[in-house]
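Keep the structure open while you read, and look up each residue as it comes along.

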Amino acid sequence: MTDPYLPLLDSFDWSEEEREVIDTALAHDDPWDDGAPELRGIKEQLKLIKKRIQRFHLDRQGSTCCYCRTNLQGGGPFMIDREHILPKSKFRKLTYTISNLSVSCKRCNLQFKKNRIDFVVDPKTVEAKHDKSDQYLFAHPNFDHLDDLIERLSVQANRKVVVTYKVSNHPKATFTYEYFNLKELEVDSFQETQGGRSLDEVEQEVRMMLSLELQDRQAK
Ligand SMILES: [Zn+2]
């Protein structure tokens, strides 16, 4: 299938040196743990490799969470997680597989995703077919185009915030919306009475507001 994001997964390549470092790490119980005493010799290289992975996936996801689309720009380690789609604790071999990695916010990863695998169609066969979208019940961060399934609109002016999701009828869209409890992230503090407004109505109002604001500034 076609890769929905840029840069393409296929464009990512490890150098020979990086590959050796990864092979060394994979020979250990916890290949991701650059603080492990047995990986001390390759600690710095592993850190650089992880940075490269994060930069690549932030570019692919436009610096947003791969599940909820929260903006991660400038978020740093307290906000951003390098996300293993099939958890590294259960699928060690895929720890450094670029298509099994993405970037997510801490909320989606630590509060909802954790080490669960109940988003997988068949846990027994998924490792061999990990690069197939149909093996996953939710929108896969690399093999599905989330924006085609769920649209997120968010606008903020100081303490006033609108966050709203438009969920398509696709089973993966509803599954993702519920799995990560995206409803909880929805807010409309521009409107006193919440709910009931369509995404189009909110969008129209916000666009109007922004253009008035812009006119105001140009007039000054
Ligand atoms: Zn998120």
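This is a predicted model: local features need pLDDT of at least 70, side-chain atom pairs count only at pLDDT 80 or more; totals for chains, interfaces and linings use all residues.

- Helix α2 covers residues 43-60, which makes 18 residues. From first C-alpha to last it reaches 26 Å, close to the 26 Å expected at 1.5 Å a residue.
- Which residues of α2 are buried? They are Leu-46, Ile-49, His-57 and Arg-60. These residues cover an arc of only 60° around the axis, which puts them on the same side of α2.
- After α2 comes Gly-62, which has a positive phi, near 60°.

**How α1 meets α2**

- Two packed helices are described by the angle between their axes and the distance between the axes.
- For α1 and α2, the packing angle is about 110° and the axes are 10 Å apart. That makes α1 roughly perpendicular to α2, because angles of 65 to 115 degrees count as roughly perpendicular.
- Where do the two helices touch? On the α1 side you can find Glu-18, Val-21, Ile-22 and Ala-25, and these meet Gln-45, Leu-46 and Ile-49 in α2. Leu-46 and Ile-49 are also among the buried residues of α2.

**Strands β1 and β2**

- Strands of a sheet pair through backbone hydrogen bonds, either parallel or antiparallel.
- Strand β1 (residues 80-84) pairs with β2 in the antiparallel sense, over five bridges. To see one place where they line up, find Ile-80, which stands opposite Cys-105 in β2.
- β2 is mostly covered, with five of its five residues buried. Leu-101, Val-103 and Cys-105 point one way, Ser-102 and Ser-104 point the other way, and all are buried.

**The sheet of β3, β4 and β5**

- Three strands form an open sheet in the order β3-β4-β5, with antiparallel pairing. β3 (150-157) and β5 (187-188) stand at the edges, each with a single partner strand, so one side of each is left without a neighbour in the sheet.
- Strand β4 (residues 160-167) is joined to β5 by two bridges, and these strands run antiparallel. Val-163 has Val-187 in β5 as its bridge partner.
- Helix α5 (residues 171-179) packs on this sheet and touches β3 and β4. The direction of α5 makes about 140° with that of β4.

**Backbone spots worth a look**

- The peptide bond from Leu-6 to Pro-7 is cis, with omega near -10°. You will find Pro-7 in the segment before α1.
- Ser-63 is not a glycine, although its phi is positive, about 55°. Ser-63 sits in the loop between α2 and β1.
- Is Ser-63 buried, exposed or partly exposed? It has 15 C-beta neighbours inside 10 Å, so Ser-63 counts as partly exposed.
- Arg-69 is not a glycine either, and has a positive phi of about 70°. Arg-69 lies in the loop between α2 and β1.
- With 23 other C-beta atoms within 10 Å, Arg-69 is buried, because the cut-off for a buried residue is 20 or more.

Definitions and conventions. Residues are numbered from 1 along each chain as its sequence is written. Helices (H or I, at least four residues) and strands (E, at least two) are DSSP runs, numbered from the N terminus. The expected span of a helix is 1.5 Å times one less than its number of residues. A residue is buried if 20 or more other C-beta atoms lie within 10 Å of its own, exposed if 12 or fewer, and partly exposed in between; C-beta atoms are placed from the backbone. The arc is that of the directions from the helix axis to the C-beta atoms. Two strands pair if DSSP finds at least two bridges between them. Two residues are in contact if their C-beta atoms, placed from the backbone, lie within 7 Å. Axes are lines fitted to C-alpha atoms, for helices over the stretch in contact, and angles run from 0 to 180 degrees between N-to-C directions. Angles under 35 degrees count as roughly parallel, over 145 as roughly antiparallel, 65 to 115 as roughly perpendicular and the rest as oblique.
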